[in-house]
Amino acid sequence: MSVKTLTINNIPVAAEQGKTILEAAKESGIHIPTLCYLEGVSPAAACRVCLVEIEGSNKLQPACVTQVAEGMVIYTDTPKLQQYRRMDIELLFAEGNHVCAVCVANGNCELQDLAVEVGMDHSRFPYRFPDRSVDVSHPQFGIDHNRCILCTRCVRVCDEIEGAHVWDVANRGENCYIVSGLHQPWGEVDACTSCGKCVDACPTGSIFRKGTTTDEKSRDRAKLEFLVNAREKHEWTR
Amino acid sequence: MDLEELLEIGQQERDRQQQKKTRIRCCTAAGCLSSGAETVKNNLEIAVIEAGLEDSVEVCGVGCLRFCGRGTLVEIDPNGILYEEVLPDQASGIISALSEGDKNREELPRQSDRNHPFFALQMPLVLENSGKINPERIEEYIAVGGYQRLHHVLMEMTSAEVIEEISKSGLRGRGGGGYPTGLKWATVAKMRSPPTPLNKGGVGQKYVICNADEGDPGAFMDRSVLESDPHRILEGMAIAGYAIGANYGYIYVRAEYPLAIKRLEKAIQQAKKYELLGSQIFDSPFDFKIDIRVGAGAFVCGEETALIGSIEGKRGNPRPRPPYPAESGLWGCPTLINNVETFANIVPIIREGSDWYSSIGTETSKGTKVFALTGKVSNTGLIEVPMGTTVRQIVAEMGGGVPDGGKVKAVQTGGPSGGCIPAEFFDTPVDYESLLKLGTMMGSGGAIVMDEETNMVEIARFYMEFCRGESCGKCVPCRAGTVQLYALLSKLLNRQANQSDLEQLEALSYMVKETSLCGLGQSAPNPVLSTLKYFQQEYLDLI
Ligand SMILES: Cc1cc2nc3c(=O)[nH]c(=O)nc-3n(C[C@H](O)[C@H](O)[C@H](O)COP(=O)(O)O)c2cc1C
Ligand code: SF4
Ligand code: SF4
């Protein structure tokens, strides 16, 4: 296995061949913000929050899927990236109905954290106030589409880790939404094992445990990591 | 099937055609069919029988005769008369004119002027058989030399030689990007596919895909090629398969092209019957099969990774590249994906040689390009011109300018991914680089002419509406950004916008362009940026 040397924000970094820029940065303690990325499932490269600048490339590249190469010169926090990240988060807030004050995930929401991180205190784009639904047909869980940012973490975790494939994306463009089963109410989907992995995976308050109220959503993210480790490396301790 | 049999079929077909003194070619491509070509053809056939001319006159349906704006088109061979806007009840007049000359002029449809630049400046290469042969009969394709190049390639050339020939020709992808075709072929040829349980460590499977998803508003070049000369695509794909080591091909056609699908199906069936597709073609070790996959009409499925996902039966979502399809495409195997028109160029390159091909066009862009000329222009239709023809020649001379003497303001190329060329740049030669420099692109070949009356901000909004509706919704900048861009353009057009909205429009355009995942989002702001650049005053006037 060969090792590649590169620099991230002028800090020299050594990373194994085949690692992504995101992994290499993490190992070296360099923070790159992410949103749709979830360790243990395949990357989607959809949120565009982890885009970085690479010298010699005229395109911004997503850190979560771009592999390291010898001599790469990477910048993760240039003024341009800061500006684009902020716009990206603003677009997300304007697109859905995010009312933090009454959300189960308030104070424990990755979207909210990102808004703070990129310094977004309001959206410069007008709010769209889409008409979206809530599905509480499942005995234990609920999904509030108003808070969904279409990161597809729930889709991937259910398909790739639980193997149930309850979720998928329906429709196109701004009309996209997360659909359960064959477009059935969640509670009627036989494939659902009620494992709750999607609750743990969801970065916002979109998928939640019934009975939780404002600010009460907590996630057991370590469970996903444990499961993946257990399967891939056969380490069965937590 | 061997070469002798192939030549024999061709000879028989030519003999059959020569038994009749006159061939009346009636266009049966989708454009003319929609203006009643089917009835015209039937009436012509009836008129021939009524006049007792069955022994000397043949009426046949052919592919596109180019002048699509003036359908139904009927051409008389050998005297070369092209009748335009033929109505069903004019059929008998056309037949009687064959024997009596055109003394009953008023009963005859108008004739096209064959010396008009619209025809004179064309250089048919991709369209060489279009409008000449019946696309539903393989014998007619064989009669004009069809499948002989495939035989030549299989018998006389190594796959490396084929790739070398394509590389030397300078052919570039006609799907929009202009990627050198030879280089793409060479890359896929060098790839090793992952071993499968049945094929451990072997060369494994590779695929050839023909991208016939043509979704740009105003573009119909690929459709015409498929409807007019489907066998040319099959032969081109088979040659590509031989060159890169693939024995399976898919043609991905959009469901909105039912006639193209029907003719392709027929063509594949006929080619299979003559063993020109299938196992051990021309008794060589080369197998090649082709299947059709019908898209459900999403523009984004023209993007190569989304298209591959769609063939695999998944949702048509683009995925990040690399890995490119050349490395990991259909079902993870190395895959060559080219546009319809790209494949249509293969046969003439092999036949006439790369030197000949590369002598056509400009320094960086070789060969010809088919454009679908539409919009505010007198002559609409399909044109094939050598690269390097100026925009002025295309719009003013061939297109005949704006009807009723209006002034041309700009031409939009590249559809929703492109931009406009304002009238002051009409002396620009059409090639990949020159168009990019102007902030637009060749695209797949739609050319929409706009006159002085056209509101450019409205045009920008039209394309943004298109992209907003066609975004797959996977990535944030494209899904949510196009919505906001559309809202900003509407705000402008409703005269509710101010200077800061205009600044936001521009800033968001760059953001969407630079951060979107696939080409759709990356190019969706182009019509806005291009009109902002050349027609800024129109935006300012709305504030
Ligand atoms: C949104 C989008 C739509 C596209 N649509 C088409 C299409 O309709 N036909 C096509 O040939 N290429 C289309 N392309 C380009 C293809 O991704 C691909 O580059 C092309 O088929 C390669 O063929 P070529 O090398 O022969 O040009 C599209 C690309 C994007 C980003
Ligand atoms: S429900 Fe949650 S995890 Fe699923 S796509 Fe929406 S925000 Fe992401
Ligand atoms: S740019 Fe648009 S079409 Fe392309 S992946 Fe993103 S959302 Fe889908």
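**Salt bridges in the predicted model**

A:E174 is partly exposed, with a relative accessibility of 30%; buried denotes under 20% relative accessible area, exposed over 50%, and partly exposed the range in between (1.4 Å probe, protein chains only). The model is predicted, with pLDDT of at least 70 required for local features and 80 or more for side-chain atom pairs, while totals for chains, interfaces and linings use all residues. Residues are numbered from 1 along each chain as its sequence is written, chains are lettered from A and ligands numbered from 1 in the order in which they are written, and side-chain values use heavy atoms, without hydrogens and water.

A salt bridge is defined as a side-chain nitrogen of Lys or Arg within 4 Å of a carboxyl oxygen of Asp or Glu. Over all chains, 45 salt bridges are counted by this rule. A:E174 pairs with B:R468 in a salt bridge, at 3.3 Å from N to O. This pair joins two chains, because A:E174 lies in the loop between β8 (167–170) and β9 (177–180) of chain A and B:R468 in helix α19 (residues 456–470) of chain B; helices (H or I, at least four residues) and strands (E, at least two) are DSSP runs numbered from the N terminus. B:R468 is buried, at 18% relative accessible area.

In chain B, B:R110 and B:E84 form a salt bridge with the closest N and O atoms 3.3 Å apart. B:R110 is in the loop between α4 (91–100) and α5 (117–120) and B:E84 in the loop between β4 (82–83) and α4, so the pair ties together parts 26 residues apart in sequence. B:R110 is partly exposed at 47%, whereas B:E84 is buried at 3%.
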